[in-house]
Amino acid sequence: MFTTFSLAVILDCTVRIVLGTALGALIGLERQLRARSAGIRTNALVALGSTLFVLVSEMAVAGGSSGDPTRVAAQVASGIGFLGAGVILKHGASVSGLNTAATLWASAAVGTLTGSGDLVIAIIGAVMVVLANPLFRAIGSFIDRRRRRSAMNTRLKCAVCSNMR
């Protein structure tokens with residue numbers, strides 16, 4: 001690890017930590033406002049944790065430790081899978097929590113990007129997650145309504161045809 005920290009290193013790490021936490025909170029805010037599980041705190045902590053793991057890895061390598069800092073990203077991705085698996089629930093034939101798990105996974109990716117210093121890409125990624133949830137929810141609802149109407153029309157046509165015989 002580092003034995004001495006320069007002001008520039010401390011400032012850089014602080015910016016990454018604060019931004020990672022803020023972007024996770026932004027992702028969670030959308031969930032919280034829609035009364036979904038895994039809101040502000042959970043997403044902020046997932047992004048913060050990912051940021052910190054990447055920073056620890058970078059500091060270890062900078063301090064002379066051998067290793068590949070990119071392996072941490074893979075471990076974050078697989079580790080968050082366990083957290084995501086905990087929010088997925090099966091009730092009979094229906095499954096819930098998949099979008100929550102995917103959002104947590106995306107928050108971890110945003111935190112990983114932030115921790116590695118790819119701040120612009122992390123911001124773009126967080127904005128896309130925030131936009132994707134409501135946008136694709138609306139598109140999915142539209143498709144489901146059309147499918148239900150189509151199925152209802154098919155049943156109605158079958159009933160009319162069987163009455164004509």
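Read along the sequence, this protein chain goes α-α-α-β-β-α-α. That gives five helices and two strands. Both come from DSSP runs, numbered from the N terminus: helices are H or I with at least four residues, strands are E with at least two.

A word on the source. This is a predicted model, with residues numbered from 1 along each chain as its sequence is written, and local features need pLDDT of at least 70. Side-chain atom pairs count only at pLDDT 80 or more, totals for chains, interfaces and linings use all residues, and side-chain values use heavy atoms, leaving out hydrogens and water.

Now the whole chain. Of its 165 residues, 26% count as buried. Buried means under 20% relative accessible area, exposed over 50%, partly exposed in between, with a 1.4 Å probe and protein chains only. The accessible surface is about 10,500 Å² (Shrake-Rupley method). Carbon and sulfur atoms hold 69% of that surface.

Next, the surface patch. Which residues form the nonpolar patch? They are Leu26, Leu29, Leu33, Ile40, Val120, Ile123, Ile124, Val127, Met128 and Leu131. Together they have about 890 Å² of accessible area. Patch residues have over 30% relative accessible area and no salt bridge, and nonpolar side chains are joined within 5 Å. A salt bridge is a side-chain nitrogen of Lys or Arg within 4 Å of a carboxyl oxygen of Asp or Glu.

Where does the patch come from? Helix H1 (7-33) and helix H5 (119-164) each supply at least two residues. The largest share, six residues, comes from H5. Leu26 is found in helix H1. Leu26 is partly exposed, at a relative accessible area of 35%.

Notes:
Patches are made of residues with over 30% relative accessible area and no salt bridge: like charges are joined within 9 Å, nonpolar side chains (Val, Leu, Ile, Met, Phe, Trp, Tyr) within 5 Å. Accessible areas come from the Shrake-Rupley method with a 1.4 Å probe; for residues, only the protein chains shown count as cover.
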